[in-house]
There are 2 protein chains.
Amino acid sequence: MRTIAALLSLAVAPLASRADEGMWTFNGFPRAQVERQFGVKVTDAWLDHVRLSSVRLAQGCSGSFVSPDGLVMTNHHCVETCLDQLSTAEKNLIASGFLARTAAEEARCPVLEVNQLVRIADVTERMLKATAGLEGQRFKDAQKAETSRIENECQTSPALRCNVVSLWHGGRYDLYEYRRYQDVRVVFAPEFTIAFFGGDPDNFMFPRYDLDASFLRVYEDGKPLRTKDYLRWSKVGPKANDLVFVSGNPGGTDRQLTVAELEYQRDVAIPESIARYSEIRGGLVEFQNRGPEQKRISQSLLFSIENSLKVLKGERAALVDKAFFAKKVAAEDAFRRKLAEDPKGAAALQAFAAIQGAEDLYRGVRFEVAYVMGSAGFSTEYFAFARTLLRGAEERPKANEVRLEEFQEAKLPAVTQKLFSPAPIYDEFEVFKLTGSLTRMREMLGPDHPFVRKVLGAESPAELAKRLVGGTKLRDVALRRKLWEGGKAAVDASDDPMIAFARLVDPDSRAVRKTYEDEIESVNRKAAETIAAARFAVEGTSSYPDATFTLRLSYGTVKGWREGRKEIPPFTTIGGAFERHTGRDPFALPRSWLDAKPRLRLDTPFNFVATTDIVGGNSGSPVVGKDGEVVGLVFDGNIWSLGGSYGFDEALNRTVAVDTAAITEALSKVYGAERLLQELEAGARVPLATR
Amino acid sequence: MRTIAALLSLAVAPLASRADEGMWTFNGFPRAQVERQFGVKVTDAWLDHVRLSSVRLAQGCSGSFVSPDGLVMTNHHCVETCLDQLSTAEKNLIASGFLARTAAEEARCPVLEVNQLVRIADVTERMLKATAGLEGQRFKDAQKAETSRIENECQTSPALRCNVVSLWHGGRYDLYEYRRYQDVRVVFAPEFTIAFFGGDPDNFMFPRYDLDASFLRVYEDGKPLRTKDYLRWSKVGPKANDLVFVSGNPGGTDRQLTVAELEYQRDVAIPESIARYSEIRGGLVEFQNRGPEQKRISQSLLFSIENSLKVLKGERAALVDKAFFAKKVAAEDAFRRKLAEDPKGAAALQAFAAIQGAEDLYRGVRFEVAYVMGSAGFSTEYFAFARTLLRGAEERPKANEVRLEEFQEAKLPAVTQKLFSPAPIYDEFEVFKLTGSLTRMREMLGPDHPFVRKVLGAESPAELAKRLVGGTKLRDVALRRKLWEGGKAAVDASDDPMIAFARLVDPDSRAVRKTYEDEIESVNRKAAETIAAARFAVEGTSSYPDATFTLRLSYGTVKGWREGRKEIPPFTTIGGAFERHTGRDPFALPRSWLDAKPRLRLDTPFNFVATTDIVGGNSGSPVVGKDGEVVGLVFDGNIWSLGGSYGFDEALNRTVAVDTAAITEALSKVYGAERLLQELEAGARVPLATR
């Protein structure tokens, strides 16, 4: 930690986080600050309890245990893929919703995995020692090897998932040990039309009227998991100005990016992604016009595309805001001036130049990275299977630490879960996606690019897509399992056209990957670490690290905001949903709600906003009151929260949550979900103190 | 011209145009510079002849007379709309191409209009006198009124089209008098697959192999027009390094925009347009999968969308190029410093601030401008008809100078030509476009915007689109004519749902338009004029004005360029097209070419590039040799030409043209178009000197 020590002398004032800003680690939570600001003592026991009550859905969401019997609350949109996979042409669970009236009716999700964070350990010293004095590829290889060693030592059972997490961009390394649960069953999900009432137009907006909630149950050995830690249920939800906490897994923020990187995001990466997603969206909307079945099978991709589009647009809006960007530039300039004044600051200054260099290099090969190295041109489940089988066969015989990262032992359970998933695949949709992505590949690389010529030959994208999807047998789970278990000999012997195709493109893909990892990624990572170390030397854990899809705790209050001259109140009511109902998609309440209207207390709070600092990945996070009870369910941020990737503005940035009062009211009056309600309320009667 | 006089004292060095840069007016062509550089004397007679041989297609292209009998050469893509309109489900002229073997077979295009520029007159003094001392709305009204007076005085017959053209952003006003021809018939067009060989992937690329050529004939009183001025045909095309001229109508450039405006383009306007077009494109591509008929009826819109997308991406690439943008900033800074040093520079400096203010205002209302004022949410021919009928009925009884601009007398012939066009309309496609645009309107304005609520009520975009398109009778040309001729009484009495809809939204549209024109557009225009005057005072006509879709003359040489380490030669050959043929769209040569291959001279030059400065609108322009013969047909620019909106880089920016040698070879060997060839070659035998 030479650089850090050297920089301790630099006189940079610590960047004090503004009130309510911050996605804090559980082992770095600013308890003193919260006590000062709210007069509330956050104890170790409280933190442990909330951490163990929180879960991560490995597919990219958060959730929480809300009963002693493994009941998990998360968003409807976090289980949509599962509902989709459990649906058939006759029984559309996304449209109709789902309620298990008995334990036997609880339906297992093909690929859902739930992780509970059981231990955090500081491994910084080991990691830095392993890479001391190394640069470039040797740095990267050593880092990968040590990461893999630490994870493997930890991973003593397949029921564990161990990840070395780089925090503060390498300022610190923590080992996160998770208990993993793969038998996850769906208990309740409402109809899509109320889960996502207002649809894409209302997404990231507030006021809002969504029951974006669902319940899962974790099973162990075929029985509901007994959970010591779970959040007690609040039937009444929070009040305005209440102090609340959000415990969840923000996916990623870029608050520490250099100006060169932010410019790349603003000028290249984000606009190009917006164009690509917009085009996919246009195609999907029209694909849905082919018929109701096509609409059903493509709905979840459309949702995810539209969601990404809004996120990207919000992020872009923040970056093209001149005042916002100027602040970023000024902060970096100030930091660099400090570095320049200190003879020991040279390494960090060189790191800025290195990042700029890697960025320029990346700009020139970004389409190769996406389309040759990555599989952006091969958007079909079948290609993913084929590549997994092909590479798995090649990588698994190698020593763990020299394998491609995604085939290291610690990652294999997730790989096989996806590979052996019985989720249905629809060839018409696969052809549609593959044709579109091949066409984009040809556009981005150009029709004369050697890789494009190799891939397409004389075929058109549509012809190739039809031939591959039509010819592959990989929809058969048993065959995939056989090929995986048969290893290299089995895969080599396969003449499946999709495997042959994966074989054809693999040398190019691996070659670009090597260049990318050695000359861009590792340079960038090393430089970011050097800069982060310089920053960390000054600020230490008084600041919070960028989000890394690991468990964090935010705090704030239930509070509206001012939009121009307009005051946005913090709560909506169930009655408001009925006022907004037009009967037309996406403003059509489901039949069940219309029928239940006379029974519903219309003044029940429905959704609310809070100043907690969240970002994508926090979906499904519990909103926790100071006594540890769950009062809300995070499902969105307002439009201003999207700039949260790059910075937090407390005046505008808001978390959007479903009030537990609304969930209670709906379960009781709309869905008659008595079994579920009793379970929630039984849990609620056990006070925290007794545990 | 107070401001100009005042600024004459400013010591700004004239910005010398770099060699080959410039879209020069015919009355401001830099003859001395060309003589110095190439030793070629450009005479008045030569300029008059080339000007009168050039035509503008009112729909947005250029062309040239190439025989004494009104034969016009332009691009295939400039007559695609006509071919589309002449096609039926049974006979797809875009796919099959078209050749009139006899005069009687020449088919009239429903809406094509050809304009020949017969006179240019300086009206600057009159225009400036009319607006002297005025600001804001009064400035705008006075300018509009004087423009209308001048145009009306000129427009002594419906066979004329008179336009006051603002050059150098108001530094000078010229009256352009055109002879207009509305009876235009198609003589020849090749198959789409060779006109646009390489399709969107190759668009704006080079090397290239496209026969993007077509021939039209202008008729007068039912007979071919006798044309005194036309370009002689060169069977052999140009040689490398030949001096060439391009005479055509560049649509618009933004080389004089302020940095504030460029930032708006870079950060807001262009990215938003790219996203919108990308989405439309995605939808269109999938719409085409509905069937071959749907593919046919939507092909021309898809082409135009893809073309716009490439243009926008090229423009964005120029603006996000840091070096390019820094140059723009530095140039403006230098100019502003000069202004600041001179006490008389204050007006122009204030104008910069005014533009920034108008820009900020516009940013906040841009979606209202597009969707409430404009018709971006109502993408259907029927709405355009309905709005024209409604507003025409209201505006035509008013005094000419107080009408909405588009209903002033001078503009009415173009309005009615479009309104009475017998071109077919396909309801399925209209529903598709209207549904998509209504959905976008709801997204951009938000579902709670009062205008959105007014437009949609409780209907979904798809329902409203189906109801309006299904219910309107406006596909009937006779009905449109009756309503137009019946005036206000007839339109008021109509209960056509599309007219009722246009009536519903008109007050809002007009209200936003008034605000926009008074508070944004006129402020901007006045300020741009003030800045331009300051610039013009220094540079005068030694520079060229931004493009305005009026006739310009560029010069340059036939020359390739260097792309990184690669030298791109200036010519391709017909043989190259066969090498590139894969048999799959868009790299499939038509049957006719495959059959003709043994007869074709494969070393015939096919396409070539030149350093002439062009931009969209120049499509169809003749490439003219120094003796006045036509040697090529402009149909594209290379990818670097797209930054031409903001500046010209001679090292990279290239015009892409079809060689007349290839046209001759194809007409003879592929199409057996003897009648047409004889006409071209007969014209070629008459030397310029004899005229």
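The model is predicted: local features need pLDDT of at least 70, side-chain atom pairs count only at pLDDT 80 or more, and totals for chains, interfaces and linings use all residues. Residues are numbered from 1 along each chain as its sequence is written, chains are lettered from A and ligands numbered from 1 in the order in which they are written, and side-chain values use heavy atoms, with hydrogens and water left out. Chain A and chain B bury about 3300 Å² between them. Over all chains, the structure holds six disulfides.

**The interface of chain A and chain B**

- Chain A gives 41 residues to the contact, and chain B gives 41 residues. Contact here means heavy atoms within 4.5 Å.
- The size of an interface is often given as the accessible area lost when the parts come together. Buried area is that loss, taken with a 1.4 Å probe and summed over both parts.
- Carbon and sulfur atoms give 46% of the area buried between chain A and chain B.
- The rule finds 14 salt bridges across this interface. Such a bridge needs a side-chain nitrogen of Lys or Arg within 4 Å of a carboxyl oxygen of Asp or Glu.
- A:Glu463 and B:Arg584 form a salt bridge, with their closest N and O atoms 2.6 Å apart.
- Between chain A and chain B, 14 residue pairs are in polar contact, both residues at pLDDT 80 or more. A polar contact is a pair of N or O atoms within 3.5 Å; within protein, one must be able to donate a hydrogen and the other to accept it, and residues adjacent in sequence count only if both atoms are side-chain atoms.
- On the side of chain A that touches chain B, the elements giving two or more residues include α10 (259-288), α11 (292-320) and α13 (346-373) of chain A. Helices (H or I, at least four residues) and strands (E, at least two) are DSSP runs, numbered from the N terminus.
- α10(A) gives the most to that side, with 13 residues.

**A buried aspartate in chain B**

- B:Asp229 sits in the loop between β11 (223-224) and β12 (232-233) of chain B.
- B:Asp229 is buried, at a relative accessible area of 10%. Buried means under 20% relative accessible area, exposed over 50%, and partly exposed in between (1.4 Å probe, protein chains only).
- The side chain of B:Asp229 makes a polar contact of 2.9 Å with that of B:His49. Another polar contact, of 3.3 Å, joins the side chains of B:Asp229 and B:Lys228.

**Disulfides**

- A disulfide is a covalent bond between the sulfur atoms of two cysteines. The cut-off is a pair of cysteine sulfur atoms within 2.5 Å.
- In chain A, the disulfides follow the pattern 1-2, 3-4, 5-6, with bonded cysteines counted along the chain.
- A:Cys82 is joined to A:Cys109, S to S 2.0 Å. The torsion about their S-S bond is about -80°, so this disulfide is left-handed.
- A:Cys82 lies in helix α4 (residues 80-86) of chain A and A:Cys109 in the loop between β6 (107-108) and β7 (114-122), so the pair ties together parts 27 residues apart in sequence.
- A:Cys82 is buried at 3% relative accessibility, and A:Cys109 is buried at 1%.
- B:Cys61 and B:Cys78 form a disulfide, S to S 2.1 Å. B:Cys61 is buried, and so is B:Cys78.
- B:Cys154 and B:Cys162 form a disulfide with sulfur atoms 1.9 Å apart. Its torsion is about -60°, so the disulfide is left-handed.

Notes. Buried area = accessible area lost by both parts, 1.4 Å probe.
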